[in-house]
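Work through the exercises below with the sequence and the model at hand. Each task is followed by a solution in steps.

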Amino acid sequence: MAYSTAAQVNNIASLSSDLFYDILQRLDGSTIASAACACVAFSSISREERLWENVCSSMWPSTNSEEVKSLISSIGGFRKFYADCFPLIVNKEVPECQWNEYFEYNEELTEAEYYGDVNEFESLSPSDFVSLVDVRFKDQIICSKVLWGIPNANGFNGWFYKCPFHVDLLSCSLWNNGGDDDNENEITLTVSDGLPPIDSMERERKDGKLWRELSNCLRLSWIMVNRKIKQAANLASWSPLRGQRHWPTERDFVIRFGSVLPARGVLPCPVVGCILSMKFHVVSTEEEDSATRLRLTELSMQLEDMEGAHVNGRNSLLILKEALSCRRSKDYSEALESCQLYSKVQSELKEEKMRNEYRLDQLCIFSVIAAFATLWYYYIM
């Protein structure tokens with residue numbers, strides 16, 4: 001009996017590696033990381049690249065192509081990629097509500113002084129950046145896209161560097177496909193995907209059922225990779241930050257995600273908002289003799305400073321580069337709090353600006369009235 005027990009132990013030991021791997025490959029990344037602390041065997045197997053490749057493939061289907069796999073291997077492998085991109089960016093450097101302190105642009109600065117180290121910028125190339133984007137609705141993937149480089153950014157003195165930075169992933173995909181706007185490239189949501197049936201837009205305006213489903217069930221991951229510096233980060237907030245019905249048709253829903261990125265040394269304000277917008281158009285409702293169907297019409301990125309002004313292409317590249325090495329957290333609620341704090345301070349700054357402009361307007365009006373009163377006084381005298 002003792003001999004039989006010893007033989008069983010030896011057989012288990014010989015199979016343990018395969019068994020452990022089979023167990024770990026059924027887990028998500030966070031659970032694998034926790035299991036690696038449980039025993040030496042789990043710790044050893046958890047370092048295998050193929051295990052993390054499966055985890056990344058499941059979480060981010062945009063990593064499935066051979067080109068992207070080669071890219072991830074070149075920047076440190078799938079284990080490092082997961083460690084960099086699963087946590088979300090958290091920025092606590094949101095300034096106090098003091099308008100004059102953060103938004104006085106020094107007009108006496110030369111262009112070289114304002115933009116900082118020109119050599120650092122020349123080392124940046126839009127082609128070094130790669131976007132890996134995945135959209136989920138009710139935990140089901142509805143869109144996975146890869147954008148190599150930043151489109152229309154050729155030439156150091158081109159319009160891209162001086163104009164507001166804006167990337168629309170769907171427009172870029174359409175352009176790459178030769179401009180063929182066929183139904184095969186459409187990204188849609190229907191009742192079969194979990195959308196609630198909508199009788200009419202009038203009814204939707206009253207109960208907001210469709211709007212709640214989109215706000216509660218959409219998830220976005222927008223991973224930015226820089227091939228030159230071999231770094232990556234997830235710029236999305238995973239869950240929506242806010243949204244609105246798009247005026248004037250009210251058949252468009254705009255959902256916003258994003259993060260707060262460091263801008264110290266690039267702009268006068270220490271942080272900027274990375275705005276990721278997703279727009280859905282209501283194609284049909286139940287009342288229109290068709291099933292409820294939405295079409296994704298925009299999936300875009302832009303950067304805004306705390307004044308609400310769009311950041312140009314040149315500064316955006318510098319900010320994105322620095323964002324790839326900033327602080328992150330696995331606590332997604334902490335990332336949401338960071339974004340909400342930024343929105344709160346930004347709103348307070350806008351209100352303060354409006355109050356200052358109102359006071360200035362009132363002062364100008366009183367000055368004009370006083371001037372006319374003085375002229376009238378001298379005229380009648």
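**Exercise 1. Find which residues gather in a patch of negative charge on the surface, and place Glu287 in the chain.**

Step 1. The patch consists of Asp199, Glu202, Glu286 and Glu287. Patches are made of residues with over 30% relative accessible area and no salt bridge, like charges being joined within 9 Å. Asp and Glu count as negative, Lys and Arg as positive, while His and the chain ends are not counted. The place of a charge is CG for Asp, CD for Glu, NZ for Lys and CZ for Arg.

Step 2. Glu287 sits in the loop between β10 (271–284) and β11 (293–304). Strands are DSSP runs of E with at least two residues, helices are runs of H or I with at least four, and both are numbered from the N terminus.

Step 3. Glu287 has a relative accessible area of 57%, so this residue is exposed. The cut-offs are under 20% for buried and over 50% for exposed, with partly exposed in between (1.4 Å probe, protein chains only).

The model is predicted: local features need pLDDT of at least 70 and side-chain atom pairs count only at pLDDT 80 or more, whereas totals for chains, interfaces and linings use all residues. Residues are numbered from 1 along each chain as its sequence is written, and side-chain values use heavy atoms, with hydrogens and water left out.

**Exercise 2. Describe the protein as a whole: how many helices and strands are there, and what share of the residues count as buried?**

Step 1. The protein has 15 helices and twelve strands.

Step 2. Buried residues make up 44% of the 381.

Step 3. Accessible areas come from the Shrake-Rupley method with a 1.4 Å probe.

Step 4. Of the contacts between residues at least 6 apart in sequence, 68% join residues at least 24 apart. A contact means heavy atoms within 4.5 Å.

**Exercise 3. Is Asn91 buried or exposed, and which residues is Asn91 in contact with?**

Step 1. Asn91 belongs to the loop between β1 (88–89) and α7 (99–102).

Step 2. Its relative accessibility is 8%, so Asn91 counts as buried.

Step 3. Beyond its neighbours within four places in sequence, Asn91 is in contact with Val260, Leu261, Pro262, Val271 and Ser338.

**Exercise 4. Examine the salt bridges: how many does a search of the whole structure find?**

Step 1. The search finds eleven. A salt bridge is a side-chain nitrogen of Lys or Arg within 4 Å of a carboxyl oxygen of Asp or Glu.

Step 2. One of them pairs Lys228 with Asp128 at 3.6 Å, N to O. Lys228 is in the loop between β6 (218–226) and β7 (231–234) and Asp128 in the loop between α9 (118–122) and β2 (129–137), so the pair ties together parts 100 residues apart in sequence. Asp128 counts as buried at 11% relative accessibility.

Step 3. Another joins Glu298 and Lys279, with the closest N and O atoms 3.9 Å apart. Here strand β11 holds Glu298 and strand β10 holds Lys279, 19 residues away. Both residues are buried.

Step 4. Glu334 and Arg327 meet at 3.0 Å, N to O, in a salt bridge. Glu334 is buried at 17% relative accessibility, whereas Arg327 is partly exposed at 46%.

Note on methods: Patch = residues over 30% accessible without salt bridge, like charges linked within 9 Å, V, L, I, M, F, W, Y side chains within 5 Å.
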